[in-house]
Amino acid sequence: MPSATRVSRLCLPPAALLSLLVAAPTASAADAWTLAPLGGDRPYVYAEGAPGAVLRDTVSVTNPGGKPLAVRLVGTGVRVAFAETRVRVPARTRADVPFTVTVPPVTAPGDRAGTIVARDGEGRTATVGVRLRAVVPALSALTVEHVAVHGDRISYELVNRGTTALVPTLAVRADGVFGRRVLDRAPRILPVRLPPGERLRLDESWPDRPALDAVDVRLTVTASGGAHATAGASARFVPWGAVTGTGAGAAAVSATAVVVRRRRRRTPQIEPSLEQIRSTHQGQAGAVR
């Protein structure tokens with residue numbers, strides 16, 4: 001937490017005090033109060049640090065008037081925590097209010113801007129600018145993810161995991177059955193610029209893919225600063241015409257088998273009994289007599 005607010009009585013020279021007394025009938029004391037960074041002639045609060053760092057500073061509310069002043073302090077644009085958000089400043093007094101400001105957890109270096117606002121009971125405001133600089137070490141890192149084969153194209157995603165913008169280079173390779181190389185594209189620079197923390201979905205055309213094969217596809221991505229990543233996917237290519245032809249052949253064989261079974265039912269083998277043979281032989285003998 002910031003340390004407590006300090007209140008200091010102003011020591012105005014007689015000429016300045018006389019001017020306040022002369023102006024009193026036409027202007028209230030609240031019209032003259034000010035808000036500024038403590039110490040020196042700073043136009044705004046400036047701080048720098050690593051992402052997430054908590055930095056300390058102080059602002060001063062000066063009340064040169066003859067009446068007490070009450071103000072409320074708030075921070076906008078950046079994360080500010082005050083020792084006190086409601087400050088009462090006696091007449092002809094300066095109140096020094098410590099505060100902390102937190103550097104945003106950014107992944108890329110750069111400046112962040114905010115404002116400290118003081119508002120009195122009558123709605124009058126005074127502001128002080130806040131400028132933060134995030135100090136982030138340069139890091140080049142990326143990943144290639146969600147590789148998939150869709151017909152005549154290969155889809156994938158690139159993610160910048162570092163702190164610097166990257167222009168990636170891509171190489172593509174695919175091996176078929178028994179290690180046969182079916183695709184081999186040399187590294188080439190992609191026409192994209194990937195900011196830190198960004199994700200980008202891309203496609204790689206493959207119009208001359210094999211008609212019948214099982215392949216392993218591997219993508220290798222590199223970038224300046226030593227960034228390197230690989231990822232792959234497997235796919236099987238089967239021509240539908242061949243599948244349809246195999247099905248028709250199986251149907252024909254089945255129909256033939258049915259026909260054969262039907263023919264066997266129509267021509268059963270019937271063996272004559274012994275009595276039928278004797279009766280037939282006796283009938284033939286009587287006809288001869």
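Valine 45, in strand β3, is in contact (heavy atoms within 4.5 Å) with Pro37, Asp57, Phe99, Val128, Gly129, Val130 and Arg131, once its neighbours within four places in sequence are left aside. Strands, like helices, are DSSP runs numbered from the N terminus, with at least two residues (E) for a strand and at least four (H or I) for a helix. The C-alpha atoms of valine 45 and valine 130 are 4.7 Å apart, although the two residues are separated by 85 residues in sequence. Valine 45 counts as buried because its relative accessibility is 1%; buried means under 20% relative accessible area, exposed over 50%, and partly exposed in between, with a 1.4 Å probe and protein chains only.

The model is predicted: local features need pLDDT of at least 70, side-chain atom pairs count only at pLDDT 80 or more, and totals for chains, interfaces and linings use all residues. Residues are numbered from 1 along each chain as its sequence is written, and side-chain values use heavy atoms, with hydrogens and water left out.

Phenylalanine 99 is in contact, beyond its neighbours within four places in sequence, with residues including Pro2, Val45, Leu55, Val80, Phe82 and Ile116. In soluble globular proteins, nonpolar side chains tend to be buried together. A nonpolar core is a set of buried Ala, Val, Leu, Ile, Met, Phe, Trp, Tyr and Cys residues joined through side-chain atoms within 4.5 Å. The largest such core here has 29 residues, of which Leu35, Phe99, Val101 and Ile116 touch the most other members. Strands that each supply at least two residues of this core include β3 (44-49), β4 (54-63), β8 (93-102) and β9 (110-120). The largest share, five residues, comes from β10. Apart from this core lies another, of 28 residues, among them Val172, Leu194, Val221 and Ala231.

Most residues other than glycine have a negative phi. Arginine 92, in the loop between β7 and β8, has a positive phi near 50 degrees. Arginine 92 is partly exposed because its relative accessible area is 33%. Histidine 146, in strand β11 (residues 142-150), likewise has a positive phi, of about 50 degrees. With a relative accessible area of 54%, histidine 146 is exposed.

Strand β11 runs antiparallel to β12 (residues 153-160), and seven bridges join them; two strands pair if DSSP finds at least two bridges between them.
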